[in-house]
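Reader: I have a model open and would like to learn to read it. Can you walk me through a few features?

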Amino acid sequence: MKNRKEAEVGGGGHHHGNKGNCKKTLTQMSEYVDDDLKGPGKKSLENHLASCKACMAVLNTLKKTIEIFRVSAPRMTKSMAKEIRRGIKYEIAAIEKKGDDHGT
Ligand SMILES: [Zn+2]
């Protein structure tokens with residue numbers, strides 16, 4: 001017997017209202033962990049992090065990733081650091097992509 005209920009589409013009951021902010025935060029995240037983000041941009045990012053568990057979780061993951069690299073490669077060259085940053089951006093892009101379908 002087929003009785004497949006369609007998942008709610010477009011309803012978006014329990015989503016954050018500030019999803020646009022999340023996206024902005026995620027794009028600036030690599031700069032932030034690199035300490036390249038200064039001034040009001042940094043401030044507003046921190047404000048968002050304080051109120052958004054999802055972005056905070058991403059930040060913690062990134063920090064851990066960077067720490068692992070730092071520990072395993074203490075004499076990190078500039079190009080290695082660049083590679084890591086690229087990986088972080090890739091990770092963020094994946095998270096952004098994943099953001100929409102929350103199910104499965
Ligand atoms: Zn957020």
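Predicted model: local features only at pLDDT ≥ 70, side-chain atom pairs only at ≥ 80, totals over all residues.

Reader: Okay, is Asp 35 buried or exposed?

Author: Asp 35 is exposed, because 8 other C-beta atoms lie within 10 Å. Its phi is positive, about 65°, although it is not a glycine. You'll find Asp 35 in the loop between helix H1 (19-33) and helix H2 (39-51); helices here are DSSP runs of H or I, at least four residues, numbered from the N terminus.

Reader: What percentage of the protein's residues count as buried?

Author: Of its 104 residues, 11% do.

Reader: And how do the axes of H3 and H4 cross?

Author: Axes are lines fitted to C-alpha atoms over the stretch in contact, with angles running from 0 to 180 degrees between N-to-C directions. For H3 (residues 53-72) and H4 (residues 78-98), the axes come within 11 Å and cross at roughly 155°. Angles over 145 degrees count as roughly antiparallel, so H3 and H4 are roughly antiparallel to each other.

Reader: Which residues make that contact?

Author: Two residues are in contact if their C-beta atoms, placed from the backbone, lie within 7 Å. H3 supplies Val 58, Leu 62, Thr 65, Ile 66 and Phe 69, while H4 brings Ile 84, Ile 88 and Ile 95.

Notes:
Residues numbered from 1 in each chain as written. Buried ≥ 20, exposed ≤ 12 C-beta atoms within 10 Å, placed from the backbone. Helix = DSSP H or I, 4+ residues; strand = E, 2+ residues; numbered from the N terminus. Parallel < 35°, antiparallel > 145°, perpendicular 65-115°, else oblique.
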